[in-house]
Amino acid sequence: MAAVSWKAFHAVVVDHSFHRVRKEDALYLGGCSAPNASKLFSLQETKLTWTGKPAMWPVYLQKRQNQARVFCSAAVSSGTVSALEKIDFKKLQNGSDIRGVAVAGVEGEPVNLTEPVTEAIAAGFVGWLLEKKKADGSRRLRVSVGHDSRISADSLQAAVARGIAGAGLDVILYGLASTPAMFNSTLTKDEDSLCPVDGSIMITASHLPYNRNGFKFFTSSGGLGKADITDILSRAAQIYNNVSEDILNASKQAASKLLRRVDYMKVYTSDLVKAVRKAAGNMERPLEGFHIVVDAGNGAGGFFPGSVLDPLGAVTSGSQFLEPDGMFPNHIPNPEDKSAMAAITKAVRDHKADLGIIFDTDVDRSAAVDSTGREFNRNRLIALMSAIVLEEHPGTTIVTDSVTSDGLTAFIENKLGGKHHRFKRGYKNVIDEAIRLNSIGEESHLAIETSGHGALKENHWLDDGAYLMVKLLNKLAASKATRESLGSSVLTKLIEGLEEAEVAVELRLKIDQNHDDIIGGTFRDYGEAVLKHLENVADLDPNLQKAPVNYEGVRVSGYGGWFLLRLSLHDPVLPLNIEAPTKEAASNLALAVLSTVKEFNALDFSALQKFIDSV
């Protein structure tokens, strides 16, 4: 049997049960002869499985510079499973995440995130991971898997495990977990917890309805980007379209052998407790005397009172919706949602608490409420975090998304002495921009969105809702230790001087993709045309002034307020944000936009007209 050069197979995953023989730095693969090897170099993409052993998930890797990157060995599997539904994998991409419909029953929303699709995505991630890690077969890689409280979580977790194990990697199941904990598992050094893992998958769809689900992916370098997700989905589509019954059966067998369970949330929450104690001078119970209520929205954040606050001495009675329930029966687990914020505000007042904390479904976003019922979310949360970070790092740059207010800019730059760098929507965009600024010598320690996604340099640029709240707890604990203040007033005082608009609204102007004006083009091209026209009109209006520095859409100041019209990251929608000191000023800004966009017939501006009529 002729040997295939080791260099030709640069990325090979090796299960310890696989038969391997090395000879003169060559890797012999069962059934791989010279003719088979020559075919590998003639094809751009090849699907390979082990012969003489159970067939396992193939991992598609691109041919690069005459190196065929391969997983498993050289017999191309046949006999695809004809019963699988056709799936457009591209439509599952949601920026740097994957999102789909996992549960049937909602009219007009057919299921596209099935178990076979999920297995293929997991195997696609393995292929991507092997290439990034430059795996040489010297050890088997580990992937951790966790999920939030969604009703489809268990079935998708099992499918993910099969996809990973079927591709030959170890699977470490965490069960109910938070998204930040999943990233942390790639950094933790604790062999008892089988950490660090090489990659991590969180099964979540954030605050979306019960029938949705999806995936977020991490390595020790952080969350994956858009290009990475596109790559994974491309691999997954090829795997899915060529899957065989043998492969599906073998992946089930492999999962039973390569799967282990770890309670990693104990490790993660222990680190949060240690962070607060350290900030309070190593006091064992630095929050003793504080009454803090938590609203987990029936998501994955129910751990916070018992595992974080109680050990620190806080009273947590009155905390609510801590039980995981993927139907989300009480309110949408979303710190931007008015009903959610009303629920935690009521809990604070009813129980006369010092502080209220609320999380989204997977705990990568959060918000708070002080003892008077004043909400710390959106611009206020950014102002509060900026005040805390700028005390620690004077003059640092605060990176935010594009819809933050002019009042926030004035607060950060004039009151706090920092620099406000307003960038684009999308938590990954904001985080990546902060990392980029640091790389070119501009110090930044905080990247935060109005949505409640916030990441700190000290925390590996992880958007961690629990860690954001720990920063608030640190302030409470430190104030108690120095006898500066007792209660959340120490937090409230930090944002004194933040100017807030009387009117703040976001309207969504939908683009009709079936309109005659768009046929032959795309909604994105149409939206860009709308923005360009608005920009040109604003230049000619003496009452309006374009923002001198702007990275997204068209931002214009006027009448004492401002508006921003931008194109949605994923949908055929132009979101319009308006903030103004009076209703009249808001109406003037809205009319300026309406007079410009009403000539675009494929644009539904009824929401804008309704707003004008109401103010």
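User: What is the strand order of the open sheet of six strands?

Analyst: This is a predicted model: local features need pLDDT of at least 70, side-chain atom pairs count only at pLDDT 80 or more, and totals for chains, interfaces and linings use all residues. Residues are numbered from 1 along each chain as its sequence is written, and side-chain values use heavy atoms, with hydrogens and water left out. Strands are DSSP runs of E, at least two residues, and helices are runs of H or I, at least four residues, both numbered from the N terminus; two strands pair if DSSP finds at least two bridges between them. The pairing in this sheet is antiparallel, and the order is S22-S23-S24-S25-S21-S26.

User: Which strands are the edge strands of that sheet?

Analyst: An edge strand here pairs on one side only. That holds for S22 (545–546) and S26 (603–604).

User: How many residues of strand S9 are buried?

Analyst: Buried means under 20% relative accessible area, exposed over 50%, and partly exposed in between (1.4 Å probe, protein chains only). S9 covers residues 212–219 and is mostly covered. Of its eight residues, the buried ones number seven.

User: Which residue stands opposite Phe 215 of S9?

Analyst: S5 (residues 97–101) pairs with S9 in the antiparallel sense over four bridges. Opposite Phe 215 stands Ile 98.

User: Which residue of S10 is the bridge partner of Thr 219?

Analyst: S9 and S10 form a hairpin with two residues between them. S10 spans residues 222–223 and pairs with S9 antiparallel over two bridges. The partner of Thr 219 is Gly 222.

User: What is the angle between the planes of Phe 215 and Phe 217?

Analyst: Rings of Phe, Tyr and Trp (its six-membered ring) pair if their centres lie within 6.5 Å; planes under 30 degrees apart count as stacked, over 60 as edge-to-face and the rest as tilted. The structure holds 11 aromatic pairs. Phe 215 and Phe 217 form a tilted one, 6.4 Å centre to centre, with an angle of 45°.

User: Why does Phe 215 count as buried?

Analyst: The cut-off is under 20% relative accessible area. Phe 215 counts as buried because its relative accessible area is 1%.

User: Which residues do ring pairs link into a cluster with Phe 215?

Analyst: Phe 217 is one of them, and Phe 217 is buried, at 3% relative accessible area.

User: How far is Arg 555 from the ring centre of Trp 562?

Analyst: A charge sits over a ring if NZ of Lys or CZ of Arg is within 6 Å of the ring centre and within 35 degrees of the ring normal. Arg 555 lies over the face of Trp 562, at a distance of 3.8 Å.

User: Which residues touch the most other members of the largest nonpolar core?

Analyst: A nonpolar core is a set of buried Ala, Val, Leu, Ile, Met, Phe, Trp, Tyr and Cys residues joined through side-chain atoms within 4.5 Å. The largest has 68 residues. Those that touch the most other members are Leu 287, Ile 292, Phe 304 and Leu 473.

User: How many residues form the other core, the one with Phe 125?

Analyst: That core lies apart from the largest one. Among its members are Ile 87, Phe 125, Val 160 and Ile 164, and its size is 45 residues.
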